[in-house]
Amino acid sequence: MQYRTLGNSGAVVSNYALGTMTFGAEASEETSHAILDNYLAAGGNFIDTANVYSGGVSEEIIGRWLTRHPEARDRIVLATKGRFPMGEAPNSVGTSRRHLIRALDDSLRRLGVEQIDLYQMHAWDPITPLEETLRFLHDSVSNGKIAYYGFSNFLGWQLTKAVHLAKAHGWSLPVTLQPQYNLLVREIEWEIVPASLDAEIGLLPWSPLGGGWLSGKYKRDEPPVGATRLGDNPNRGMEAWQARNDDARTWDIIDVVEKIASDHGASASQVALAWLADQPAVTSVILGARNIEQLADNLAAADLELTPEESDRLTQVSQPRAGVYPYGPLAQEQRSRKIEGGR
């Protein structure tokens, strides 16, 4: 396990974080506690959850684990999120001060801690003024309820606006951004990665295996069945089976991943994770596991070193498709400049 600073903060986290969306849903409390034990034993120190995961149950499971292992609290960096609905009322959702006051206090109670190390806004709120959200987060840093804050699923302009508003008011600055990022989904490199690098924001990629696609578990033209996310629901969200199966790029990427995995005697998951952990601005890759076997396989990526040639093969085969403008090669050339002059 490697360790990196949490974005532009002085806190230090492992380069693989433990995501806990499965806790209380796909993983029982007993299994969840075993996953936490094994993750900590492997050298991991960064645990990520959210209030909406299993309707608060994920946070409660972590809270009970911390009660059983009080010594772990000093070792781990604990992150959670607020923003999505925790009820049906109009004010039970969003990033307004009113909602976040309750959401943060409820997360503290469920986790059984006095301070959350990293509190993240789970998504942009188009209704609440950004100044209101940022002032709440600054106040929460000032009163000690949170140590740092970050965002999730923000676009590049939204992140940049937040950073400059916070600077203009002299408020605490964000330290992280949590986007979807993997070999199948690389469009964040067009705007979000540059914005993060500019602000020294650390990226915490979620869905690093593309909903299981990069683990090699799915086969071309074979609809998934059985106890997998897509086996249970082939039309599940962004990783729905039919659209990705019909896209030749999907299988081109998987073929290269599996070839490199075979060369190393590693799993496809380990190759995909190792590539992602080495990308610019990435602080920590969020791992999700249903059981300790999946966790062990994913954590082994920390010991896998890809050669520059292997990394380049993966980067080239997974290039996201861009239209002519504004992200195509000619448009990028317009924004470039040679130090020696000329075109």
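Helix H2 (residues 57-68) and helix H3 (residues 97-111) pack at an angle of about 45°, with their axes 7 Å apart. Axes here are lines fitted to C-alpha atoms over the stretch in contact, and angles run from 0 to 180 degrees between N-to-C directions.

This is a predicted model, in which local features need pLDDT of at least 70 and side-chain atom pairs count only at pLDDT 80 or more, while totals for chains, interfaces and linings use all residues. Residues are numbered from 1 along each chain as its sequence is written, and side-chain values use heavy atoms, with hydrogens and water left out.

Where H2 meets H3, Glu59, Glu60, Ile62, Gly63 and Leu66 are in contact with Ser107, Arg110 and Leu111 of H3, contact being heavy atoms within 4.5 Å.

A second pair is formed by helix H9 (residues 248-264) and helix H12 (residues 308-317), which pack at an angle of about 170° with their axes 9 Å apart. H9 and H12 are therefore roughly antiparallel to each other, and their crossing is left-handed, meaning that the near helix is turned anticlockwise from the far one by less than a right angle. From H9, the residues Arg249, Asp252, Ile253, Val256, Val257, Lys259, Ile260 and His264 meet Glu310, Arg313, Leu314 and Val317 in H12.

| Helix pair | Angle | Axis separation |
|---|---|---|
| H2 and H3 | about 45° | 7 Å |
| H9 and H12 | about 170° | 9 Å |

The largest pocket holds about 900 Å³ of space; a pocket is an open set of points on a 1 Å grid over the protein atoms alone, with protein on both sides within 12 Å along at least five of seven lines, whereas a cavity is a set where a 1.4 Å probe fits but cannot get out, and lining residues have an atom within 4 Å of a point. Of the 40 residues lining the largest pocket, Met21, Ser207, Gly211, Arg229 and Gly288 are the closest to its centre. Strand S10 (285-288) and helix H11 (292-299) are the elements that give two or more residues to this lining.

A search of the whole structure finds one cavity of 30 Å³ or more.

Methods
Helix = DSSP H or I, 4+ residues; strand = E, 2+ residues; numbered from the N terminus. Parallel < 35°, antiparallel > 145°, perpendicular 65-115°, else oblique. Points joined across faces, edges and corners; volume = space filled by probe spheres on them.
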